[in-house]
Amino acid sequence: IRQVRFDTTSTETIDLVLLVNGVPVATLELKTDNVQSIEDAKKQYVQDRKPARSRRLLEPGRCLVHFAVSNEEVYMTTELAGQATRFLPFNRGNDGHAGNPVSENGSATDYLWSWALERELFLRILKDYAVWEPTASSASGFRLVFPRVHQLRAVEAVTGGVSARGSGGSYLIWHSAGSGKTKTIAWLAHRLARHMDAAANKTFDSV
């Protein structure tokens with residue numbers, strides 16, 4: 001839904017809200033780079049999108065993820081907390097550098113719409129990837145973990161390879177330091193432990 005009013009005491013709106021069966025699961029603030037930047041979208045979430053009693057949509061646990069999107073980059077956060085809001089990049093990387101490569105299909109962030117938010121994959125993210133974990137850094141005592149692009153790409157590539165070729169293949173996943181290797185390992189282990197072939201036979205005896 002476009003231009004969603006999120007505050008019962010004002011007419012302010014969020015650019016885009018994604019819903020599943022009528023339940024809001026993600027918000028997006030969109031910026032065009034020749035007018036504003038990705039930093040403007042992040043600042044909007046930090047300064048103007050603070051949770052409150054009149055802003056239930058923005059409370060932790062209501063929407064699972066909030067995306068700041070421009071033509072060139074995407075960042076995300078799973079908890080809006082004013083100045084304490086922490087954004088992580090949701091970019092593909094650009095030949096070993098930050099950001100995204102030039103796209104032949106338009107904006108460099110078109111992968112967000114054509115891949116990550118494609119219906120089947122996005123529902124799988126909600127079912128198999130988004131997970132709550134205990135943390136001391138949140139007032140609620142929990143935080144939602146949402147996969148980043150490289151984690152999602154790695155798990156989907158390996159499970160896709162297993163689906164196409166069966167067991168016995170070799171795969172190399174290359175993650176840099178501090179990039180969430182443990183989560184990638186955990187997500188992949190859970191996916192492979194439940195993996196079945198077309199005849200509903202388990203692919204692996206153990207993982």
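This is a predicted model: local features need pLDDT of at least 70, side-chain atom pairs count only at pLDDT 80 or more; totals for chains, interfaces and linings use all residues.
Two helices, H3 (residues 119-129) and H4 (residues 149-165), pack at an angle of about 95°, and their axes lie 13 Å apart. Angles of 65 to 115 degrees count as roughly perpendicular, and H3 and H4 are therefore roughly perpendicular to each other. On the H3 side, the contact is formed by Leu-121, Arg-124, Ile-125 and Tyr-129. The H4 side contributes Leu-152, Val-155 and Glu-156. By class, the residues of this contact comprise 5 nonpolar and 2 charged, with no polar residue.

Helix H4 itself consists of 17 residues. From its first C-alpha to its last, H4 reaches 24 Å, close to the 24 Å expected at 1.5 Å a residue. Its buried residues are Val-149, His-150, Gln-151, Leu-152, Ala-154, Val-155, Glu-156, Val-158, Thr-159, Gly-161 and Val-162. Leu-152, Val-155 and Glu-156, which belong to the contact with H3, are among these buried residues. The cover over the buried residues of H4 includes helix H2 (110-116), H3 and H5. After H4 comes Gly-166, which has a positive phi near 80°.

Helix H5 (residues 181-193) has 13 residues, which should span 18 Å at 1.5 Å a residue; the C-alpha atoms at its ends are 18 Å apart, in agreement with that expectation. Within H5, the residues Thr-184, Trp-187, Leu-188, Arg-191 and Leu-192 are buried. These residues cover an arc of only 125° around the axis and therefore lie on the same side of H5. Thr-182, Ile-185 and His-190, on the other side of H5, are exposed. The packing partners of the buried H5 residues are H3, strand E8 (142-145) and H4. H5 is in turn part of what covers the buried residues of H4.

Ala-189 is also located in helix H5. With a relative accessible area of 30%, Ala-189 is classed as partly exposed, because this class lies between the limits of 20% for buried and 50% for exposed. In sequence, Ala-189 and Val-207 are separated by 18 residues, whereas in space their C-alpha atoms are 6.2 Å apart. In the segment after H5 is Ala-200. The phi of Ala-200 is positive, about 65°, although this residue is not a glycine.

A positive phi in a residue other than glycine also occurs at Asn-21, where the value is near 55°. Most residues other than glycine have a negative phi. Asn-21 is placed in the loop between strand E2 (13-20) and strand E3 (23-30). The relative accessibility of Asn-21 is 81%, and Asn-21 therefore counts as exposed.

A further loop residue, Gln-83, is found between strand E5 (74-77) and strand E6 (88-89). Gln-83 is exposed, its relative accessible area being 64%. When residues up to four places away in sequence are not counted, Gln-83 touches Val-46 and Gln-47. Gln-83 and Val-46 are 37 residues apart in sequence, while the distance between their C-alpha atoms is 5.8 Å.

Technical notes
Residues are numbered from 1 along each chain as its sequence is written. Side-chain values use heavy atoms; hydrogens and water are left out. Axes are lines fitted to C-alpha atoms, for helices over the stretch in contact, and angles run from 0 to 180 degrees between N-to-C directions. Helices (H or I, at least four residues) and strands (E, at least two) are DSSP runs, numbered from the N terminus. Angles under 35 degrees count as roughly parallel, over 145 as roughly antiparallel, 65 to 115 as roughly perpendicular and the rest as oblique. Contact means heavy atoms within 4.5 Å. Ala, Val, Leu, Ile, Met, Phe, Trp, Tyr, Cys and Pro count as nonpolar, Asp, Glu, Lys and Arg as charged, and the others, Gly among them, as polar. The expected span of a helix is 1.5 Å times one less than its number of residues. Buried means under 20% relative accessible area, exposed over 50%, partly exposed in between (1.4 Å probe, protein chains only). The arc is that of the directions from the helix axis to the C-beta atoms.
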